[in-house]
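Here are some notes to read with the model open beside you.

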Amino acid sequence: MNMKKLLACLLALALCVSLFAACGSNDTPAEEGNNDGESAASETIKIGFIGPLTGENAQYGEAVRNGAKMRIEEINAAGGINGKTVELVEYDTKGDATEATNAYTRLVDEDGAVGIIGPVLTAETLAVAELAADDEFPVITASATGDTITDIGTTLFRTCFKDSFQGGKMGQYAAEKLGYKKVAVLTNSGSDYSVGLTNAFVAACEENGIEVVAQESYAAGDTDFKSQLTNIASTDCEVLYVPDYYDVVALIAAQAKDAGVNVPFLGGDGYSGLVSTVDDPSMFDGFYYTSHYASDAGTTAADFAAAYKTMCGVEPLSFSFLAYDAMQIMEEALKNAASMDKADVVAAIKATDMDCLTSHYTFDEDNNPIKDCMVLTIKDGVDTFVEMY
């Protein structure tokens, strides 16, 4: 859809659809169904959402839910899929893997979902991937970047890139584009996400002539990083790689200067939302990070961002764009599948070859998207697109 038409459509929808309906929670009890597409026999096609809508990672869950829901609003305004209304059935995992598997079971066994957008976090996606593999059920995650999630079975896809890809890209970028020669690394040892990015980043640094002068770690849940930062301050590092989520990075950045670490940070897509954590985000100026998409990456992105803010009241994260893409891919698969049977839907997703909001999508043999990543920096307290890399 042309983005000008998209924006006009969404603005019109905003007049008749409440913000709660567009971006709020969905607590309506689900109808019973089954995983062989029983809902397709009715006038409603049910798509599941699994992710954290409360808790410390709610910002990511809301971004994914809202991006998918925006596309569903458009689909229904245009007449649905094959004449049937699409309904998003939402479950809040609170970031817990057990909650995610419970949600999956309800969606498949009780609600009659024909596909799932999510889960959002890598840990919960790994848990759901095991079940989806056994059931051969179609799932598209927009945000779970852990390397191994698509190694489990053949029916889980993603629109985001994986951790080793972005960690390696930042190592290359640090050498080729930023010219760094000495880096330090600070890793969350209790996070598969953080460890995965670190391993790929360090390997890329070694391959590209960057010396890693210090590698420090902390445990998940830590809030005091003085000891690690003091050790890093004693080195001659030019930059610090901190691959973690925005809330933890904000804490580390606030303590870094007091510890004598006066260098910029590098990171991954978990930095999305970092500038919203403090009153003066210019404290993060000079930080660089890899990301999936950015609101200032072009006209199409700007139009989507404006429409998203109109309907949801906040700026989109990169995962909002990717969730919109995921729903576009699911939509096209449901239109083209031989039936609503799960095997036919999976086959149609696997055959994806289409332009979406952020990129042209095809999938490799492991159901990972073939695409580049974006590099962003923080300038004057604002996330700023630099280039595709």
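1. One place to look is isoleucine 47, whose bridge partner in β3 is glycine 115. Please keep in mind throughout that this is a predicted model.

2. That pair belongs to an open sheet of 5 strands with parallel pairing, in the order β2-β1-β3-β4-β5. At its edges are β2 (85-92) and β5 (156-158), each of which pairs on one side only. Ignoring direction, neighbouring strands of this sheet are turned by 25 degrees against each other on average. Helix α3 (residues 58-77) packs on the sheet and touches β1, β2 and β3. The direction of α3 makes about 165 degrees with that of β2.

3. Now for the other sheet on my list. It is also open, with 7 strands in the order β7-β6-β8-β9-β10-β13-β14, and here the pairing is mixed. The edge strands, β7 (211-218) and β14 (382-388), each pair on one side only. From one strand to the next, the twist averages 25 degrees.

4. On another, β10 (residues 288-291) and β13 (residues 374-379) run antiparallel and are joined by 4 bridges. Tyrosine 288 is a handy landmark: it is the bridge partner in β10 of leucine 266, and tyrosine 288 also stands opposite threonine 377 in β13. Further along, serine 291 stands opposite methionine 374 in β13.

5. Helix α8 (residues 226-233) lies across β6, β7 and β8, and runs at about 170 degrees to β7.

6. Threonine 159 deserves a moment. Is threonine 159 buried or exposed? Its relative accessible area is 0%, so threonine 159 counts as buried. This residue lies in the loop between β5 and α6 (163-176). Leaving aside residues up to four places away in sequence, threonine 159 touches Ile140, Thr141, Ala142, Leu322, Asp325, Ala326, Ile329, Tyr361, Pro369 and Lys371.

7. The peptide bond from glycine 118 to proline 119 is cis, with omega near -10 degrees, and proline 119 sits in the loop between β3 and α5 (122-135). Lysine 94 has a positive phi, near 60 degrees, in a residue other than glycine; you will find lysine 94 in the loop between β2 and α4 (97-111).

8. Asparagine 367 is another residue with a positive phi, about 70 degrees, although it is not a glycine. It lies in the loop between β12 (360-361) and β13. With a relative accessible area of 3%, asparagine 367 is under the 20% limit and is therefore buried.

9. For contrast, take alanine 306 in helix α10 (residues 299-312). At 38% relative accessibility, alanine 306 counts as partly exposed. The C-alpha atoms of alanine 306 and proline 316 are separated by 8.9 Å, with the two residues 10 apart along the chain.

10. Finally, the chain as a whole. Its secondary structure comes to 12 helices and 14 strands. Of the 389 residues, 56% count as buried. Among contacts with a separation of 6 or more, 70% come from residues 24 or more positions apart.

Notes:
Residues numbered from 1 in each chain as written. Predicted model: local features only at pLDDT ≥ 70, side-chain atom pairs only at ≥ 80, totals over all residues. Heavy atoms only, no water. Pairing = 2+ DSSP bridges. Helix = DSSP H or I, 4+ residues; strand = E, 2+ residues; numbered from the N terminus. Axes fitted to C-alpha atoms, helices over the stretch in contact; angles between N-to-C directions. Contact = heavy atoms within 4.5 Å. Buried < 20%, exposed > 50% of the residue type's maximum accessible area, 1.4 Å probe, protein only.
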